[in-house]
Amino acid sequence: MTTIYHNPRCSKSRAAVELLESRQIEHTVVKYLETPPTEKELAEIVAMLGIEPQQLVRRGEALFKELGLGEKQLSHDEWLAILAANPKLIERPIVVHGGRAAIGRPIDNVAALLDG
């Protein structure tokens, strides 16, 4: 099963969907701003990515600054809670395929994931 955490307003996210469709890979689209992943799902995603939750954060978002996250030292679980509560901060797109995951910036990351 392949899942893409997608924001239709993002060109990189749209490119990832197009890549999946061009390769005829059956996939589920999760519009993560409308249906945010849970803390548990985020924990699974960062584990598949091999990163810490704070590495999944869009630091350029105004919300990042509004929440004062640049000055805080937060735990793994605290970052997961913040991302689950504020999905706008999640880097995009994320594709989960074959028990692994990739952030689609650049889109080559998704192609490499699919190629396996």
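This is a predicted model: local features need pLDDT of at least 70, side-chain atom pairs count only at pLDDT 80 or more; totals for chains, interfaces and linings use all residues.
I began with how helix 1 and helix 5 lie relative to each other: they are roughly parallel, because their angle falls in the class under 35 degrees. The axes of helix 1 (residues 11-22) and helix 5 (residues 108-115) come within 10 Å and cross at roughly 30°. I took axes as lines fitted to C-alpha atoms over the stretch in contact, with angles from 0 to 180 degrees between N-to-C directions.

Residues are numbered from 1 along each chain, and side-chain values use heavy atoms, without hydrogens and water.

Next I looked up who touches whom. A16, L19 and L20 of helix 1 meet V110, A111 and L114 of helix 5 (contact: heavy atoms within 4.5 Å). The residues of this contact are six nonpolar, no polar and no charged; Ala, Val and Leu are among those that count as nonpolar.

Then I checked strand 1 (residues 2-6). Five of its five residues are buried, so strand 1 is largely enclosed by the rest of the structure (buried: under 20% relative accessible area, 1.4 Å probe, protein chains only). T2, I4 and H6 lie on one side, T3 and Y5 on the other. Strand 1 runs parallel to strand 2 (residues 27-31), joined by five bridges. T3 stands opposite T28.

Last, I noted helix 4 (residues 76-85). W79, L80, I82, L83 and A84 are buried there. The buried residues of helix 4 pack against helix 2 (39-49) and helix 3 (62-66).

Methods: Helices (H or I, at least four residues) and strands (E, at least two) are DSSP runs, numbered from the N terminus. Angles under 35 degrees count as roughly parallel, over 145 as roughly antiparallel, 65 to 115 as roughly perpendicular and the rest as oblique. Buried means under 20% relative accessible area, exposed over 50%, partly exposed in between (1.4 Å probe, protein chains only). Two strands pair if DSSP finds at least two bridges between them.
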